[in-house]
Amino acid sequence: MYQRLSSVLFPVMTLLLIGAAYWGYQEHQEKNSILIKAENQYQKAFHDLSYHMDRLHHQLGTTLAVNAGSQNFQRKSLVNVWRLTSQAQSEINQLPVRMLPFQKTGDFLSHISNFAYKASMRDLTKQPLTDGEMKTMQTLFDKSSEINRDLEQVQNKVLQDKLRWMDVETALAADRQQSGNAIVEGFKTVDSKVGQFDSIDWGPTVTSLYEKRTVSMLSGKPATPEEIKRKAAEFLGLGPDAPIKVTENGKGTPYASYSAIVEKGSGKDIAMDFTYRGGDLLWFVKPRDIADKKLKLAEAKSGAAKFLDKHGYKDMEAVTYDEFGNEGVFTYVAKQDGVLLYPDKLTVKVALDDGEVVGLQAGDYVYAHKKRDLAKPALAETEARKGLTEAMGGKAGRLALIKNEDNEEVLCYEYKGKSNGFTYRVYINAETGAEEAVEEIPEA
């Protein structure tokens, strides 16, 4: 009996062992193939980064070498600087450096890209590069040379010692502060030196793109935790003894704020954030289970408008609205003398079962809202409309204040229409007649 059973099972087990070994071999081969492909991609991205950084340095040099009157060549050179920095940024994103402190170098390249783009897009025959911008270009030329030297050292080390980027990824996954890896240490050195660069004058246009909201941008006195608790209770319609926990965030920093929490448990806590100075509400969210939809968006919009008016957000107009699940989301902007103020926007989230407002995002409104001295448009609406297509220019436009690519507020005529089955808003500068922006409006 045993011999008969063995004669059957032994060949079966042998086949299973052979099959398992073959499967393991195949898995090993596939894994190696994936690792080799990833390694090749990393190596290509790194050597392309080194090449484009070197080309960037030389392109900055040629821009500085030409006569100040060679605006056409300057424009071409600046476009190439923008293109090269964009390529370098893309290659950085392809490397496993997300866990490394390489943020400063990425920010530096981003600033160069925006500086070159803004300068190349203007009419250099009317607005030639200023002495300050040429000085900035010289600084960028010098600093890019330093970065290139450090990257070249890393590149030489990679080639001489045949270093693998997969080892870098493994080291970073094991320990973010891993030291001893030549590539890791090389990138740390580059980023450390970039962080020590003296302050560079990027000009107001580029600087404004990176401007962060700070306490100093707000008016009013610093609020106390007691004042925040009172404001939170009033906003939520609670009594003065409501169990509201107030916490100060970033104490002593330019980004200080207050958080107020009403604990409900089971992920249902009501959360709010207020500014440190003035105690203005930045946002609030009231998580809850929303039943089946009963209200239409028009009904929810009416409730959102009443909510805003009740809480002191006067003269607001809904400009976009959409539906996500059982919630309606409405974007409102302030109005002054009939002009839409797009910088002063806020978003309201409404539950479509009973119309309760369950969320508010008012950060833009808090930091931007103010009384403005609005100039009269230099162009008549009918004159501005002439530059539009027939589909977009069919209806009269209305005045709106928007922020352009340079983060500057400009007065425009807003036109809304359909083209190729999609709805768009087009903004025509009310002074120059140039198109400032075109945006697609999603269908609700």
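User: At roughly what angle do the axes of α3 and helix α6 (residues 182-195) cross?

Analyst: Please keep in mind that this is a predicted model. A helix pair is read from its axes, and here the axes of α3 and helix α6 come within 7 Å and cross at roughly 55°. The two helices, α3 and α6, are therefore oblique to each other, and α3 passes α6 in a left-handed crossing.

User: Which residues of α3 and α6 meet there?

Analyst: From α3 come Q103, K104, T105 and F108, and these meet V190, D191, V194 and G195 in α6. Sorted by class, this contact of α3 with α6 holds 3 nonpolar, 3 polar and 2 charged residues.

User: How do helix α2 and α3 pack, and at what angle?

Analyst: Helix α2, which covers residues 71-93, packs with α3 at an angle of about 155°, and their axes are 8 Å apart. Because angles over 145 degrees count as roughly antiparallel, α2 is described as roughly antiparallel to α3. The crossing in which α2 passes α3 is left-handed.

User: Which residues of α2 and α3 meet?

Analyst: On the α2 side the residues include R75, L78, W82 and S86, while those on the α3 side include G106, L109, S113 and Y117. By class, the contact of α2 with α3 has 12 nonpolar, 7 polar and 1 charged residues.

User: Is Q74 buried or exposed, and which residues is Q74 in contact with beyond its neighbours within four places in sequence?

Analyst: A residue counts as buried when its relative accessible area is under 20%, so Q74, at 1% relative accessibility, counts as buried. Q74 lies in helix α2, and, once the neighbours within four places in sequence are left aside, Q74 is in contact with V66, N67, A68, L124, L129 and M134.

User: What can be said of the chain as a whole, and how many helices and strands are there?

Analyst: The chain has 11 helices and 12 strands, and of its 444 residues 39% count as buried. Among the contacts in the chain with a separation of 6 or more, 59% come from residues 24 or more positions apart.

User: How many salt bridges does a search of the whole structure find?

Analyst: The search finds 21 salt bridges. One of them joins D289 and K268, whose closest N and O atoms are 4.0 Å apart. This pair links distant parts of the chain, 21 residues apart, with D289 in the loop between β4 and α9 and K268 in the loop between β2 and β3. D289 counts as exposed at 62% relative accessibility, whereas K268, at 27%, counts as partly exposed.

User: What separates the closest N and O atoms of E381 and R385?

Analyst: In the salt bridge of E381 with R385 those atoms are 2.7 Å apart. E381 is buried, with a relative accessible area of 15%, while R385 counts as partly exposed at 23%. Elsewhere, salt bridges that share partners join K286, R288, D353, D354 and E356 into one network.

User: What is the phi of D315, and what is the phi of D337?

Analyst: Most residues other than glycine have a negative phi. D315, although it is not a glycine, has a positive phi of about 50°, and D337, also a residue other than glycine, has a positive phi near 55°. D315 sits in the loop between α9 and β5, and D337 lies in the loop between β6 and β7. D315 counts as exposed at 54% relative accessibility, and D337 is exposed with a relative accessible area of 69%.

Notes: Residues are numbered from 1 along each chain as its sequence is written. This is a predicted model: local features need pLDDT of at least 70, side-chain atom pairs count only at pLDDT 80 or more; totals for chains, interfaces and linings use all residues. Side-chain values use heavy atoms; hydrogens and water are left out. A salt bridge is a side-chain nitrogen of Lys or Arg within 4 Å of a carboxyl oxygen of Asp or Glu. Helices (H or I, at least four residues) and strands (E, at least two) are DSSP runs, numbered from the N terminus. Buried means under 20% relative accessible area, exposed over 50%, partly exposed in between (1.4 Å probe, protein chains only). Axes are lines fitted to C-alpha atoms, for helices over the stretch in contact, and angles run from 0 to 180 degrees between N-to-C directions. Angles under 35 degrees count as roughly parallel, over 145 as roughly antiparallel, 65 to 115 as roughly perpendicular and the rest as oblique. A crossing is left-handed if the near helix is turned anticlockwise from the far one by less than a right angle, and right-handed if clockwise. Contact means heavy atoms within 4.5 Å. Ala, Val, Leu, Ile, Met, Phe, Trp, Tyr, Cys and Pro count as nonpolar, Asp, Glu, Lys and Arg as charged, and the others, Gly among them, as polar.
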